[in-house]
Amino acid sequence: KYFAKWFGRARGCTRSVIYLFEPNPQVVRFRLAPKASKFPESVVVQAAVSNFTGEQVFYTNVNPNSTKNEQGSLGVVGWMKGGSQFRVRTTTLDAFVQREGIDEIPFLKIDAEGWEGAVLQGATEALARTRFVLFECSDTLDDSRGTGHRLKDLVAILQAAHFLVYKVGTRHLLRLDGPYWHQIYDSERYWSNCMAISEDLQHSLGSELWVDRANRSMLLC
């Protein structure tokens with residue numbers, strides 16, 4: 001509902017389509033699909049997003065028939081005791097964008113439990129059409145859940161795609177790309193979000209804040 005509020009018809013974005021990727025069929029069936037059905041601009045895609053197309057193993061911490069809230073990952077997590085695993089369809093953002101004929105991506109959110117690096121690796125063409133990226137940059141990146149990418153690796157991918165990259169702090173944005181990078185961002189890690197804004201969008205905005213002060217929502221559609 002948050003994305004529909006920010007970028008959907010309620011925000012005046014009459015042409016927006018919100019694609020929601022989820023590899024776990026139980027989460028799709030019992031949580032995501034019922035909620036998405038209330039917003040006609042939402043499309044649920046039952047698939048994992050990575051740097052290749054095909055299938056891969058998905059791990060959860062509960063029985064595959066459970067309707068309970070669960071945690072899952074494409075990597076094995078030590079505390080997932082007595083859970084289950086199964087194969088899921090996997091795609092890249094580049095393949096999906098090409099197949100759907102998507103020319104512009106105003107907003108891309110990535111929360112892949114440590115697989116953010118793989119998602120970005122498979123998004124070369126997609127990033128060229130993207131204006132703003134919000135992604136999780138916590139300690140899941142290089143633990144057993146993730147692909148081993150460090151935050152520095154994600155910043156390098158985004159910088160090469162002509163994005164300015166920031167860590168979202170409690171009071172300030174911390175610039176991460178180019179000369180602003182410091183190794184402390186990889187050595188001292190905690191749950192947090194990062195964001196990247198395309199150079200073109202930043203140039204068009206100048207020094208203006210890209211947030212609607214009244215509604216606290218992105219002005220991107």
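Residues are numbered from 1 along each chain as its sequence is written, and side-chain values use heavy atoms, with hydrogens and water left out. In this predicted model, local features need pLDDT of at least 70 and side-chain atom pairs count only at pLDDT 80 or more, while totals for chains, interfaces and linings use all residues.

**Strands**

Helices (H or I, at least four residues) and strands (E, at least two) are DSSP runs, numbered from the N terminus. Two strands are taken to pair if DSSP finds at least two bridges between them. The pairings considered here are tabulated below.

| Strands | Sense | Bridges |
|---|---|---|
| β1 (residues 18-21) and β2 (residues 42-45) | parallel | 4 bridges |
| β3 (residues 48-49) and β6 (residues 84-91) | parallel | 2 bridges |
| β4 (residues 54-60) and β6 | antiparallel | 7 bridges |

Strand β1 has Ile18 and Leu20 on a covered face, and Tyr19 and Phe21 on an uncovered one.

**Nonpolar cores**

A nonpolar core is a set of buried Ala, Val, Leu, Ile, Met, Phe, Trp, Tyr and Cys residues joined through side-chain atoms within 4.5 Å; buried means under 20% relative accessible area, exposed over 50% and partly exposed in between (1.4 Å probe, protein chains only). The largest core holds 29 residues, of which Leu127, Val133, Phe135, Leu151, Leu158 and Leu176 touch the most other members. Elements that each supply at least two residues of this core include α3 (93-100), β8 (132-136) and β11 (193-198). Helix α6 gives the most, with 4 residues. Leu158 is in contact (heavy atoms within 4.5 Å) with Leu120, Leu127, Val133, Phe135, Phe163, Val165 and Ala196, leaving aside residues up to four places away in sequence. A second, separate core has 9 residues, among them Phe7, Phe132, Leu134 and Met195.

**Cavities**

A cavity is a set of points, on a 1 Å grid over the protein atoms alone, where a 1.4 Å probe fits but cannot get out; its lining residues have an atom within 4 Å of a point. Grid points are joined across faces, edges and corners, and a volume is the space filled by probe spheres set on the points. The model has 2 cavities of 30 Å³ or more. The second largest cavity has a volume of about 40 Å³. It is lined by 10 residues, and Cys137, Ser138, Leu151, Tyr185 and Arg189 are the closest to its centre. Its lining comprises 5 nonpolar, 1 polar and 4 charged residues, where Ala, Val, Leu, Ile, Met, Phe, Trp, Tyr, Cys and Pro count as nonpolar, Asp, Glu, Lys and Arg as charged, and the others, Gly among them, as polar.

Note on methods:
1 Å grid on protein atoms, 1.4 Å probe; cavity = no way out; pocket = protein on both sides within 12 Å on 5 of 7 lines; lining within 4 Å.
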